[in-house]
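My notes follow in the order I took them.

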Amino acid sequence: MGNIIISASILSADLCCLGKDIARAENAGCQYIHFDVMDGMFVPNISYGIPVLDSVSKTAEGVLDVHLMITDPIRYIEAFAASGADIITFHLEACSDAKAVIDKIHSCGKKAGVAIKPATPASDLIPYLGISDMLLVMTVEPGFGGQGFNYDMLPKISRLREMLDEKGIGIPIQVDGGINESTAKLVKDAGAEILVAGSYLFKAEDMDAAVKKLIS
Ligand code: DX5
Ligand code: ZN
């Protein structure tokens, strides 16, 4: 297993004190800041978007990991790239031509992640394994923080890890939803390397200790 990266989902941060919470997460050892964009169409919730990312990118020191839960994401790739995203992840279910979205992200000089919802099989990602920079396996239904981990996703993570290893493709698998100290162990054993964590981190009394528990 390589190095585990923790991506702090600021959906669970105190949004009135976002800069302070980003610094807290980074000081606790989170290398990525996970920025969830929801449009009220692809998912039944609305979060925040480009103007907030403009501000976040001025204060965050680590990697800005943008998770687009929006319909027809190709419309907004340039805008999120210009706002400071380092990785732009979109949902396979939200677009008709995923390769075009990946190409667009790359043309903006950014890394492209491809996400799948719990009901989408691992095999749907096969055409994109060699052309994307990260795979995101949702371990909850996208839309809300604080949900329970879906254990049925563990074989999907293992299957993807096997497919990547068989093909010699060295891209990481990210997991998002319901990550805590016990589910972190399971997803790492299954082959995930980038763990998104929201409520577990921001509700922790001691965030440093919480990050250490996810990594160890
Ligand atoms: C859910 C979001 C997640 C969410 C995770 O749609 O993509 O990033 O913030 O929150 P927790 O870690 O609380 O499940
Ligand atoms: Zn997310």
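**Ring contacts and the metal site**

I started with charges over rings. Lys117 sits over the face of Phe42, 4.9 Å from the ring centre. I keep in mind that this is a predicted model.

Next I searched the whole structure for aromatic pairs and got two. In one, the ring centres of Phe35 and Tyr48 are 4.7 Å apart. Their planes meet at 50°, so I logged the pair as tilted. I then checked where the two residues lie. Phe35 is in strand β2 (residues 32-38), and Tyr48 is in the loop between β2 and α2 (50-59). The pair links distant parts of the chain, 13 residues apart. I found both Phe35 and Tyr48 buried.

I turned to Phe149 and Tyr151, which form an edge-to-face aromatic pair. I noted 5.0 Å centre to centre and 80° between the planes. Tyr151 has a relative accessible area of 47%, so I put it down as partly exposed.

Last, the metal. Which residues coordinate the zinc ion (ligand 2)? I list His34 (NE2), Asp36 (OD), His67 (ND1) and Asp176 (OD), at 2.0 to 2.3 Å. The site of the zinc ion (ligand 2) has six donor atoms, with angles of 71 to 171° among them, and is octahedral. For reference, ideal octahedral angles are 90 or 180 degrees. The donor residues of the zinc ion (ligand 2) follow the spacing H-x1-D-x30-H-x108-D in sequence. Asp36 lies in strand β2 and His67 in strand β3 (residues 63-69), so this pair ties together parts 31 residues apart in sequence. I found Asp36 and His67 buried.

Methods. Residues numbered from 1 in each chain as written. Chains lettered and ligands numbered in written order. Predicted model: local features only at pLDDT ≥ 70, side-chain atom pairs only at ≥ 80, totals over all residues. Heavy atoms only, no water. Phe/Tyr/Trp six-rings, centres within 6.5 Å; stacked < 30°, edge-to-face > 60°. Helix = DSSP H or I, 4+ residues; strand = E, 2+ residues; numbered from the N terminus. Buried < 20%, exposed > 50% of the residue type's maximum accessible area, 1.4 Å probe, protein only. Lys NZ or Arg CZ within 6 Å of the ring centre and 35° of its normal. Donors = N, O, S within 2.8 Å, 3.2 Å for Na, K, Ca; no water. Tetrahedral: all angles 85-135°; square planar, octahedral: opposite > 155°, others 65-115°.
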